[in-house]
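Welcome! Please take a look at the sequence and the 3D structure below, and then read on for a short tour.

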Amino acid sequence: MAKPVVALMYDFDKTLCTRDMQEFTFIPSLGMKVEEFWAEASVLAKEQNMDNMLAYMYLMLRKAREKNIRVTRDAFVKLGAGIEYYPGVEDWFSRMNAFGQEQGVAVEHYVISSGLQEIIEGSKIFREFKKTYACEFLYDVNGVAEWPKNVVNYTTKTQFLFRINKGVLDLFENKAVNEYIPEDERRVPFRNMIYIGDGMTDVPCMKLVKVNGGQSIAVFRKREKDTAKQLLREQRVDFITEADYSAGSELDGIVQTVITKMAVADKLVALHRKHERSIQG
């Protein structure tokens, strides 16, 4: 019999890594300050009444062309090697997997990010995820970026929760993800979901997971907890803690406790179903 699945879902920028992923190498290669790039992207979005994610993706291509930088998929993937992570991130996944095994559940990891899929693919931790959802470019026959293929903004992030919930992970599959399946028959019930994010852009996912019986956690950089405190005050998350993924950290303890709770709940659900079958027989 397959083990119950617990899904750990993460934003990426400022949740697993310390800054927006474009800031480590790409934006400096344009000869721009980070603040200048994001300010220009915001102005573009406002002037054109444009989605903010599409604005930054367009600006990346335009600024690269101005600098005669050839934007290829391979180049973006290579940028992933320069990402800096919060403490403990690189061995976090294997530790959570092992802990879940001890509790009798299978732990899976997912990314739902407004960053770039290609950069995530080049990161040291990409292999740890069952699936990653992020913005992505479409490339021509020469591998040069020419158009946004997928865009993940703050509200569209929630669709991926339902894909994970039902086990329908491929983006092209629209029919199956909208078919009715009783919650307890779904591959990952919402009660077995943990969402970890860093701020307001994660609110739709945090709230959706929380109100459906899962757990949402807001992480913050040391001494920068104002946004996280606001999220807790407004009851959008269950917990707030420093973005320290090291063994023995507060985050480590919270997630292990939640996994234990979810494992117990799954055992009770299985027992309830067994009793229901016995009286029907």
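## A first look

At 52% relative accessibility, Gln235 counts as exposed, where exposed means over 50% relative accessible area, buried under 20% and partly exposed in between, with a 1.4 Å probe and protein chains only. This is a predicted model, in which local features need pLDDT of at least 70 and side-chain atom pairs count only at pLDDT 80 or more, while totals for chains, interfaces and linings use all residues. Residues are numbered from 1 along each chain as its sequence is written, and side-chain values use heavy atoms, with hydrogens and water left out.

**Two loop residues with positive phi**

- Gln235 sits in the loop between α10 and β7 (239–242); helices (H or I, at least four residues) and strands (E, at least two) are DSSP runs, numbered from the N terminus.
- The phi of Gln235 is near 60 degrees, which is a positive value in a residue other than glycine.
- Most residues other than glycine have a negative phi.
- Asn49 also has a positive phi, near 50 degrees, and is a residue other than glycine.
- You will find Asn49 in the loop between α2 and α3, where it is exposed at 73% relative accessibility.

**Helices α2 and α3**

- Helix α2 covers residues 34–48 and helix α3 covers residues 52–66; their axes come within 9 Å and cross at roughly 120 degrees.
- Axes here are lines fitted to C-alpha atoms, for helices over the stretch in contact, and angles run from 0 to 180 degrees between N-to-C directions.
- α2 and α3 are therefore oblique to each other, a word for angles that are not under 35 degrees (roughly parallel), over 145 (roughly antiparallel) or 65 to 115 (roughly perpendicular).
- The crossing of α2 past α3 is right-handed, meaning that the near helix is turned clockwise from the far one by less than a right angle, with anticlockwise giving left-handed.
- On the α2 side, the contact (heavy atoms within 4.5 Å) is made by Phe37, Trp38, Glu40, Ala41, Leu44 and Ala45.
- On the α3 side, it is made by Asn52, Ala55, Tyr56, Tyr58, Leu59, Met60, Arg62 and Lys63.
- The residues of this contact of α2 with α3 divide into 10 nonpolar, one polar and three charged; Ala, Val, Leu, Ile, Met, Phe, Trp, Tyr, Cys and Pro count as nonpolar, Asp, Glu, Lys and Arg as charged, and the others, Gly among them, as polar.

**Helices α7 and α9**

- α7 and α9 pack at an angle of about 35 degrees, and their axes are 8 Å apart.
- α7 passes α9 in a right-handed crossing.
- Lys157, Thr158, Leu161 and Phe162 of α7 meet Pro204, Cys205, Leu208 and Val209 of α9 in this contact.
- Six nonpolar residues, one polar and one charged make up the contact of α7 with α9.
- Lys157 belongs to helix α7 (residues 157–166) and is buried, with a relative accessible area of 1%.
- Leaving aside neighbours within four places in sequence, Lys157 is in contact with Asp11, Ile112, Ser113, Ser114, Val152, Tyr195, Thr201, Asp202 and Cys205.
- In helix α9 (residues 203–211), the residues Val203, Cys205, Met206, Leu208 and Val209 are buried.
- Those buried residues of α9 pack against β1, α7, β5 (193–197), β6 (215–220) and α10.
- After α9 comes Gly213, with a positive phi near 100 degrees.

**The nonpolar core**

- The largest nonpolar core has 85 residues; such a core is a set of buried Ala, Val, Leu, Ile, Met, Phe, Trp, Tyr and Cys residues joined through side-chain atoms within 4.5 Å.
- Phe12, Phe76, Leu116, Ile164, Ile194, Tyr245 and Val255 have the most contacts inside this core.
- Not counting residues up to four places away in sequence, Ile164 touches Ala7, Met9, Tyr110, Ile112, Tyr133, Leu169, Val188 and Met193.

**Sites to find in the viewer**

- Pro4 lies in the segment before β1 (5–10) and is partly exposed, with a relative accessible area of 31%.
- Pro4 and Ala106 are 102 residues apart in sequence and 6.2 Å apart in space, C-alpha to C-alpha.
- Lys229, in helix α10 (residues 226–233), is partly exposed at a relative accessible area of 38%.
- Asn178, in helix α8 (residues 175–178), is exposed, with a relative accessible area of 64%.
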